[in-house]
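Colleague: I'm new to reading protein models. Could you take me through one?

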Amino acid sequence: MASSLFDYESHLEACAKQDEQAFKTLYQQESAQMLGLAMSLLGDRALAEDCLHDTFVQIWRHAQRFQRALGSGRAWIYSILRYRALNHLRNHGRYTELDDDFIERIADDSPQANELFEQKSEEKQLSRCLQGIDRNRRHPILLAFYHGLTHEQIASRLTTPLGTIKSRIRAGLRALQECLQG
């Protein structure tokens with residue numbers, strides 16, 4: 001199921017009512033991508049798996065805290081993951097302050113990123129194509145798809161008009177599609 005069509009908010013609200021099937025569906029929808037992000041942040045698969053497990057335990061236990069009015073459900077679950085990963089790094093003396101540019105490093109073409117993503121050629125092509133898109137278009141795309149931010153949240157974070165953000169994302173996705181097909 002495509003993340004843009006997936007109703008995170010309803011699934012979180014169902015989890016708050018102890019709906020195990022909604023929780024399972026949410027896990028199936030996001031766990032692979034969340035594991036990749038945790039691996040990028042922690043640099044170790046076993047630690048990333050532990051972090052992912054802890055994140056989903058927290059989602060299950062605290063789903064009732066999610067409020068639609070405060071943001072997207074996807075952003076909420078990723079903020080839990082990010083907090084758990086950063087907390088682990090702080091507790092083990094490996095913490096470094098991460099700014100918004102940390103998301104750019106997830107898609108880089110460095111040997112570390114390739115190792116984390118198991119050298120799959122499709123992922124290398126995606127990374128190469130993302131790097132080929134200018135930063136003004138790439139950064140909003142990554143904030144939307146890796147951070148789960150809405151167009152409005154991206155516009156606010158980047159202090160850029162909403163229409164400009166939407167245009168940049170559309171143009172960037174078009175360029176990405178052309179690169180991946182070519």
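Here are some questions about this chain, with answers.

Modeller: Before you ask, this is a predicted model, where local features need pLDDT of at least 70, side-chain atom pairs count only at pLDDT 80 or more, and totals for chains, interfaces and linings use all residues. Residues are numbered from 1 along each chain as its sequence is written, and side-chain values use heavy atoms, with hydrogens and water left out.

Colleague: How many helices and how many strands are in the chain?

Modeller: Helices (H or I, at least four residues) and strands (E, at least two) are DSSP runs, numbered from the N terminus. Reading from that end, the elements go α-α-α-α-α-α-α-α-α-α. So the count, with the DSSP runs as defined, is 10 helices and zero strands.

Colleague: What share of the residues in the chain is buried?

Modeller: Buried means under 20% relative accessible area, exposed over 50%, and partly exposed in between (1.4 Å probe, protein chains only). The chain has 182 residues, and the buried share of them is 41%.

Colleague: Which residue with a positive phi follows α8?

Modeller: Let's walk along that helix, which covers residues 135-147. At its start, a side-chain oxygen of Asp134 comes to within 3.1 Å of the backbone nitrogen of Asn136. Its buried residues include Arg138, Ile141, Leu142 and Tyr146. After α8 comes the residue with a positive phi, near 75 degrees: Gly148.

Colleague: Which cysteine does the disulfide join to Cys129?

Modeller: A disulfide is a covalent bond between the sulfur atoms of two cysteines; here it is taken as a pair of cysteine sulfur atoms within 2.5 Å. A search of the whole structure turns up one. The S to S distance is 2.0 Å, and the partner of Cys129 is Cys179.

Colleague: How many residues apart are Cys129 and Cys179?

Modeller: The link is left-handed, with -75 degrees about the S-S bond. It ties together distant parts of the chain, with Cys129 in helix α7 (residues 121-132) and Cys179 in helix α10 (residues 162-181).

Conventions. A polar contact is a pair of N or O atoms within 3.5 Å; within protein, one must be able to donate a hydrogen and the other to accept it, and residues adjacent in sequence count only if both atoms are side-chain atoms.
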